[in-house]
Amino acid sequence: MGVPVRRTAQPSAPLGGGGCLFAAAAALLTPALLLMWADGNGVGALFLLLLLAGAGIALGKRRARQAAELRHIRMLQSTEVARYHAMSPRDFEHAIAFLCERDGCLDVRVAGGAGDLGADVLATAVDGRRIVIQCKRYGPTTKVGSPDLQRFGGTCYSVHGAHVAVVVTTSVFTKPAAQYAVTNNIRLVDAAALAAWATHTGPAPWMM
């Protein structure tokens, strides 16, 4: 089955296992702390309080570190998107070919041009699969529509012998285009997924 538009995750620094463990520990230790304090065991209560405080500080530092890493990833990805938008369509095809070579593909070549029949980049994955990629360097307000996908779908398998058919864009895909891709086993890489691929924060299309 084809893969619809691949998007990078947009996490919001979830509580995670460490946060859940801290919350559970706090829930269990707070009654004990109160009992110790009521029984006059101030030393024990202070020890538990310091233990909880230390765990809370450690968790806070971890969450801050995760948030900083997420901001760094998003900055890298937005820089990649801007760089691709500044390219000519031909340069964009060569940039995609470079990513294929970088990630281990063999026999990579740019075939885009008059008479290419929808194949802009051809490559062979390390497992022998033939990869056929069409590149759409569109502006952020121009979406890749179903007609674009239909033209590519008519040649990627029957003419080019693709095992993996991919459309990569610097924009986004319309809903009908995404539906067509699922039906016809075409993998879609939008601007966000492209930036993730380029920055090693997301998978290559043939690994989706």
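1. Basis of the note. The model is predicted, and local features are described only where pLDDT is at least 70, side-chain atom pairs count only at pLDDT 80 or more, and totals for chains, interfaces and linings use all residues. Residues are numbered from 1 along each chain as its sequence is written, and side-chain values use heavy atoms, with hydrogens and water left out.

2. Overall make-up. The protein has 6 helices and 5 strands, where helices (H or I, at least four residues) and strands (E, at least two) are DSSP runs numbered from the N terminus. Read from the N terminus on, the elements follow the order α-α-α-β-β-β-α-β-α-β-α. Of the 208 residues in the protein, 39% are buried; here buried means under 20% relative accessible area, exposed means over 50%, and partly exposed lies in between, with a 1.4 Å probe and protein chains only. The protein exposes about 11100 Å², of which carbon and sulfur atoms supply 64%, the areas coming from the Shrake-Rupley method with a 1.4 Å probe, and for residues only the protein chains shown count as cover. Among contacts (heavy atoms within 4.5 Å) between residues at least 6 apart in sequence, 58% join residues at least 24 apart.

3. The sheet as a whole. The 5 strands form an open sheet of mixed pairing, in the order S1-S2-S3-S4-S5; two strands are taken to pair if DSSP finds at least two bridges between them. Strand S1 (106–110) and strand S5 (186–189) stand at the edges with a single partner strand each, so one side of each is left without a neighbour in the sheet. On average, neighbouring strands of this sheet are turned by 20° against each other, direction ignored, with axes fitted as lines to C-alpha atoms, for helices over the stretch in contact, and angles running from 0 to 180 degrees between N-to-C directions. As background, strands of a sheet pair through backbone hydrogen bonds, either parallel or antiparallel.

4. The hairpin of S2 and S3. These two strands run antiparallel and are joined by 4 bridges, with Ala123 standing opposite Ile131 in S3. The hairpin has 5 residues between the strands, and Gly128 takes a positive phi near 95° there. Val126 also lies in the loop between strand S2 (121–124) and S3, and it counts as exposed because its relative accessibility is 70%. Although Val126 and Gly104 are 22 residues apart in sequence, their C-alpha atoms are 6.5 Å apart in space.

5. S3 and its partner S4. Strand S3 is largely enclosed by the rest of the structure, because 6 of its 7 residues are buried. S3 and S4 pair in the parallel sense over 6 bridges, and Ile131 stands opposite Val164 in S4. The chain crosses from S3 through H4 to S4 in a β-α-β crossover that is right-handed, meaning that, with the strands pointing away from the viewer, the path from the first strand over the helix to the second runs clockwise.

6. S4, S5 and the packing of H4. Strand S4 (residues 164–169) and S5 run parallel and are joined by 4 bridges, with Val168 opposite Val189 in S5. Helix H4 (residues 146–153) packs on the sheet, where it touches strand S3 (130–136), S4 and S5, and its direction makes about 150° with that of S3. Asp148 has its place in helix H4, and this residue counts as buried because its relative accessibility is 10%. Leaving aside neighbours within four places in sequence, Asp148 is in contact with Gln134, Lys136 and Tyr138.

7. Helix H6. Helix H6 (residues 191–198) is mostly covered, with 7 of its 8 residues buried; among them are Leu194 and Trp197. His200, with a positive phi near 60°, follows H6.

8. Cysteines. How many disulfides does a search of the whole structure find? The search finds 0, a disulfide being a pair of cysteine sulfur atoms within 2.5 Å. The sulfur of Cys105 has its closest cysteine sulfur in Cys100, at 4.8 Å, which is too far for a bond. For Cys135 the closest cysteine sulfur is also in Cys100, at 8.2 Å, again too far for a bond. Cys105 counts as buried at 8% relative accessibility, and Cys135 counts as buried at 10%.
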